[in-house]
Each structure stands twice: as C-alpha cells, then as structure tokens.
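Please examine the following model and work through the questions on its strands, helices, backbone and charged contacts.

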Amino acid sequence: MAEPVVRIPDAKVALSTASVYPESTATAFEIAARLGYDGVEVMVWTDPVSQDIEALRRLSDYHQVPILAVHAPCLLITQRVWSTDPWTKLQRAKSAAEKLGASTVVVHPPFRWQRQYARGFVDGVWRMADETDVRFAVENMYPWRYRDREMLAYAPDWDVTKDDYRHFTIDLSHTATARTDAMSMIDRMGDRLGHVHLADGRGSAKDEHLVPGRGTQPCAELLERLALTGFDGHVVIEVNTRRAMSSAEREADLAEALAFTRLHLASAVRVPRS
C-alpha cells in the first residue's frame, strides 16, 4: 500500500518590502522577523533605505532576516532611482544582490517607450546573467487597460515566455490583470521558473495584489505543484496592504498570507510502504 507523506520543498518564503507600503523598508524587516518569514525581497524604490546597501545590511543583521532577492527599480515612480539609465539600474541591482548575499534580481521587461533598452533587453539580460551567480528572473507583466482600450506598455512583450530568458518570475496578480491562464504560463516557463511573487487577483484592470486565497488565481495549485516538483527558488509574498486600517490589520494580512503559503507548500504525496 501507499502511505501519504508530507513533502516540503526547499523553497524559502520571503516578504517583499513592498507589502508593507506605506510603511518603510525598515518596518518590513521587523514584521518579517516577528511573523517568522524566511527572509525578505527588497523592492528598490523611493525609500532611501531601500537604495542603501549598508543600511540594508544592518537591518538584515539586526533582525536576523536574510535578504533573498533584490527587485530592481523598474516602476514608473522609480525612473530616477539608481540613475536614469536602465542598464545602470540593473548593474547596481546585481552589485547589491552580490554584496547582500541575495540569490535573485527581479526585473521587469522595458516600457515600450524605452526603445533602445527594449531592443537589446533579451541579449543584455543574458550577458549580465553570464557575469554572476545571481539569477536575473524576468517577471511577467500585463497589458494596460482603460475602458475598452488595451495598450501594450511593455516590450518585447508583457508575456515574457515569448522571449528567451534563463530565469523567470511568475506573478499571479499580474496573470489576473492580464486575464491569462497562470498554470499554462507556468508550464511554458518550465524549469526556468526561478522565482515566485505570490499574490491574488480577480481580473481587474488594476494590479490588485490581494492576499492569496482572496481572488480567483490558482495560488494553492501553484504552491502544491512547486512542492511536488521540488522547487528550490523563493516564494515571495507581494501583496497590497495599503487599505489596512491599522498596523495590526496589516500584520494580520501578512500572517494570513504566510500561513496560506506554508500550508499549500506542504504537499501530501503517496509513497510505497517499505
């Protein structure tokens, strides 16, 4: 007979510092330590601490929370963070990851108006990946929508599986906004899936980043598949807590997200009785 056993992958569960906004990067380390996250992903944005390698190292050491990933400053609001040149941003993200002991740099595909950057993006990411042991994990995005109109804001494409990258990040809030099949996208990524941004969504034109389990995305199914396939990347909770009425409510949301993730990563499989 086969008996059920619990199989837990080596994947670590991290908290994105973006998940505590409008609280600070420093607050994210404090919450991650208190709730028992395995580490953090630093979103490099307008908070000066997120841009300061020494300040981040001190926070990591003080709270005993490792920095597992660095999210390069790819957002509209970070166009001037770490230079206005997008390749300089990626070089600095790589350097930060190496100095902080992070294994992954998360990067978005270029905006379409960044024409020169977009033309050389795929080859450039490969070149940078060849220079380091840090993974450059390119993240799926989504078309922008306004009423009945759709604008393709990213190049070469918001669906990053249409291009050749060494590693991918899957973001389930983005698959919801794109109204695409998340599990099919994961199938296309295959063993190049190196990083996960776990959040939920209901298919709104807005990028919702709901707590996992509160939307329509296959968050549980994805985690169970990661467990069965022995995924060794990181699962990062990247949710929107801006509407939390208090710090306690924000922390409760982040505790719920962590509990959901750990529950579904512990996948029961049947093995023959010896």
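**Strands, helices and salt bridges**

Q: Which residue is the bridge partner of Phe-168 in S10?
A: The model is a predicted one. In it, S9 and S10 run parallel and are joined by 4 bridges. Within S10, the residue that pairs with Phe-168 is Leu-193.

Q: Which strands make up the closed barrel, and how many are there?
A: The pairing in the barrel is parallel. Neighbouring strands of this sheet are turned against each other by 25° on average, direction ignored. The order is S2-S3-S4-S5-S6-S9-S10-S11, and the number of strands is 8.

Q: How many residues of S6 are buried?
A: A residue counts as buried when its relative accessible area is under 20%. S6 is largely enclosed by the rest of the structure, because the buried residues number 4 of the 5 in this strand.

Q: Which residue in S6 is the bridge partner of Val-106?
A: S5 and S6 pair in the parallel sense, over 4 bridges. In S6, the partner of Val-106 is Ala-137.

Q: Which residue in S9 stands opposite Glu-139?
A: S6 also pairs with S9, in the parallel sense and over 3 bridges. The residue in S9 that faces Glu-139 is Thr-169.

Q: At about what angle to S6 does helix H5 run?
A: Helix H5 comprises residues 121-130. It lies across strand S5 (104-107) and strand S6 (135-139). Its angle to S6 is about 155°.

Q: Across which strands does helix H9 lie?
A: Helix H9 spans residues 247-265 and runs at about 160° to S2. The strands across which H9 lies are S2, S10 and S11 (234-237).

Q: How far apart are the axes of H2 and helix H3 where they pack?
A: Two packed helices are described by the angle between their axes and by the distance between those axes. For H2 and H3 (residues 86-100), the angle is about 35°. H2 passes H3 in a right-handed crossing. The axes of H2 and H3 are 11 Å apart.

Q: How many nonpolar, polar and charged residues are in the contact of H2 with H3?
A: H2 contributes Ile-53, Leu-56 and Arg-57, while H3 contributes Ala-96, Lys-99 and Leu-100. By class, the contact has 4 nonpolar, no polar and 2 charged residues.

Q: Where is the proline of the cis peptide bond with Tyr-21 found?
A: Most peptide bonds are trans. The bond joining Tyr-21 and Pro-22 is cis, with omega about 15°. Pro-22 is found in the loop between strand S2 (12-16) and helix H1 (25-35).

Q: What is omega for the cis peptide bond from Ala-155 to Pro-156?
A: Pro-156 is found in the loop between strand S8 (149-151) and strand S9 (167-171). For the cis bond from Ala-155 to Pro-156, omega is near 5°.

Q: Is Gln-64 buried or exposed?
A: Gln-64 has a positive phi, near 55°. It is placed in the loop between helix H2 (53-63) and strand S4 (67-71). The cut-off for an exposed residue is over 50%. Because its relative accessibility is 66%, Gln-64 counts as exposed.

Q: Is His-209 buried or exposed?
A: Phi of His-209 is near 55°, a positive value in a residue other than glycine. His-209 is found in the loop between strand S10 (193-198) and helix H8 (219-229). Because its relative accessibility is 10%, His-209 counts as buried.

Q: How far apart are the closest N and O atoms in the salt bridge of Glu-23 with Arg-250?
A: Glu-23 is partly exposed, with a relative accessible area of 28%. Arg-250 is buried, with a relative accessible area of 6%. In their salt bridge, the distance between the closest N and O atoms is 3.7 Å.

Q: How many residues apart are Arg-214 and Glu-256, which form a salt bridge?
A: The closest N and O atoms of Arg-214 and Glu-256 are 2.7 Å apart. The pair links distant parts of the chain, with Arg-214 in the loop between S10 and H8 and Glu-256 in helix H9. The separation of Arg-214 and Glu-256 is 42 residues.

Q: How many salt bridges does a search of the whole structure find?
A: One of them joins the side chains of Glu-150 and Arg-145, at 3.4 Å from N to O. The search of the whole structure finds 16.

Terms used
Residues are numbered from 1 along each chain as its sequence is written. This is a predicted model: local features need pLDDT of at least 70, side-chain atom pairs count only at pLDDT 80 or more; totals for chains, interfaces and linings use all residues. Side-chain values use heavy atoms; hydrogens and water are left out. Helices (H or I, at least four residues) and strands (E, at least two) are DSSP runs, numbered from the N terminus. Buried means under 20% relative accessible area, exposed over 50%, partly exposed in between (1.4 Å probe, protein chains only). Two strands pair if DSSP finds at least two bridges between them. Axes are lines fitted to C-alpha atoms, for helices over the stretch in contact, and angles run from 0 to 180 degrees between N-to-C directions. Contact means heavy atoms within 4.5 Å. A crossing is left-handed if the near helix is turned anticlockwise from the far one by less than a right angle, and right-handed if clockwise. Ala, Val, Leu, Ile, Met, Phe, Trp, Tyr, Cys and Pro count as nonpolar, Asp, Glu, Lys and Arg as charged, and the others, Gly among them, as polar. A salt bridge is a side-chain nitrogen of Lys or Arg within 4 Å of a carboxyl oxygen of Asp or Glu.
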